[in-house]
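Please look through the sequence and the structure shown here, and keep both in view while reading the report that follows.

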Amino acid sequence: MRRLSPSEEGGTNVVHLTLSPQATLPPPTPIRPAVPRPSAPSAPITTWASLNSWASEHDLSKPSRLPDAPYTAYSISSKNGTMVLEIGSREATWNGIEINLGFAPQFIDGEIYLHELDLGKNLEPLLCEPPLEFPTNQVIVIDPGHGGHNVGTQSILDGRFEKEFTLDLAQRLKPLLEAEGWKVFLTRTSDTDVSLPDRVVFAEAHQGSLFISLHFNSGAPDTRQAGLETYCLTPTGEPSTVTRNFADPWAENLPNNAFDPENLQLAVHIHTALLHGIGMADRGVRRARFIGVLRGQNRPAILIEQGYLSNPSEAARIEDPAFRQKLAETLATALRPGEDRK
């Protein structure tokens, strides 16, 4: 990455850097959107901006150096909360939970510079925009992952399948959400396989306001991995946090990218609620574009991996009906209309 001297452009210090494009394999076939699809940019944005200038333009205080951190880190705050950024690392925290930037912050001519996509797609939704609101009488689509011959992962304890636990959790969650004023639809209500495109079509047909896909994780054969991961779609022009050997075309503009700010706000809100309510290890809010149930959604949409069935301790919790009930109650409380979304 070559550093250049900043130039003045529209009141914000910017520099232009050349980034190597990724993805040599063709992307998965996108699901046909229900609304006209925006044209994809011809190349990723490669503009970097001074964080000090951006903060000033958004009426925020300048970022502050964290003197006791073991690395070069800065915090920037608003009435919504505080973000901590590490120079040279894509990992950041928002109100103490792990999030992931598209590009690592840099020092350029003595100032902190961030990629403009990170400023617009990560910092602005969390620091500057009003928290996501959940009005009453809205439709939410809950997606119990897997089903039928698509069994998902297996418990290391007794071989029970992920599909069983996701459906049980969804069925526990549905009446709790209905009691909070939601109209709730499940993409499956029995042990049947529903294709990923059909799950998206289902959400469209029921005019869902939100879409949440429920899963449990696996690190097999590694039995040590544990904790909570929450996924939303990668913004156009940024690399994903996780690719799992799928192509990751930065320039791809998918229907769900129209909801990038809401996706992040929803993911952060649910992730925070589960961490505080359940007590899992924090594996972060992550970005991915290979997840089929997110790509074609025309609404805020996330996927939650609520623990590892490959970890003996977490598998024992997941197999416990009382734990799944606690998960359902925590999710329902987090989605209560009118709750503070900070």
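Predicted model: local features only at pLDDT ≥ 70, side-chain atom pairs only at ≥ 80, totals over all residues.

Sorted by class, the contact of H2 with H5 is made up of 5 nonpolar, 2 polar and 2 charged residues.

Two packed helices are described by the angle between their axes and by the distance between those axes. Here H2, which covers residues 116–128, and H5, which covers residues 260–278, pack at an angle of about 60°, and their axes are 9 Å apart. That angle makes H2 oblique to H5, and the crossing in which H2 passes H5 is right-handed.

## A buried arginine in a loop

Arg188 belongs to the loop that lies between strand E12 (183–186) and helix H4 (196–205).

Which residues surround Arg188, once its neighbours within four places in sequence are left aside? Arg188 is in contact with Pro144, Gly145, His146, Gly147, Lys163, Thr166, Leu167, Val194 and Arg199. Pro144 is 44 residues away from Arg188 along the chain, and yet the C-alpha atoms of these two residues are separated by 6.7 Å.

## An arginine in a strand

Arg286 has its place in strand E15, which is formed by residues 282–288, and with a relative accessible area of 16% Arg286 is buried. The side chain of Arg286 reaches the backbone oxygen of Arg283 at 3.0 Å. When residues up to four places away in sequence are not counted, Arg286 touches Asn100, Glu229, Thr230, Tyr231, Cys232, Thr241 and Val242.

Asp248 is buried, with a relative accessible area of 4%, whereas Arg244 is partly exposed, with a relative accessible area of 42%. The side chain of Asp248 is joined to the side chain of Ser240 by a polar contact of 2.7 Å.

## Backbone angles to check

Most residues other than glycine have a negative phi, and most peptide bonds are trans. Against that background, what is the value of phi at Arg244? Phi of Arg244 is near 50°, which is a positive value in a residue other than glycine. Gln207 is not a glycine either, and it has a positive phi of about 50°. Gln207 lies in the loop between H4 and E13, where it is exposed, with a relative accessible area of 65%.

The peptide bond that runs from Ala220 to Pro221 is cis, and its omega is near 10°. Pro221 is found in the loop between strand E13 (210–217) and strand E14 (228–233).

Conventions. Residues numbered from 1 in each chain as written. Heavy atoms only, no water. Helix = DSSP H or I, 4+ residues; strand = E, 2+ residues; numbered from the N terminus. Contact = heavy atoms within 4.5 Å. Axes fitted to C-alpha atoms, helices over the stretch in contact; angles between N-to-C directions. Parallel < 35°, antiparallel > 145°, perpendicular 65-115°, else oblique. Left-handed = near helix turned anticlockwise from the far one by under 90°. Nonpolar A, V, L, I, M, F, W, Y, C, P; charged D, E, K, R; others polar. Buried < 20%, exposed > 50% of the residue type's maximum accessible area, 1.4 Å probe, protein only. Polar contact = N/O pair within 3.5 Å; in protein donor to acceptor, adjacent residues only side chain to side chain.
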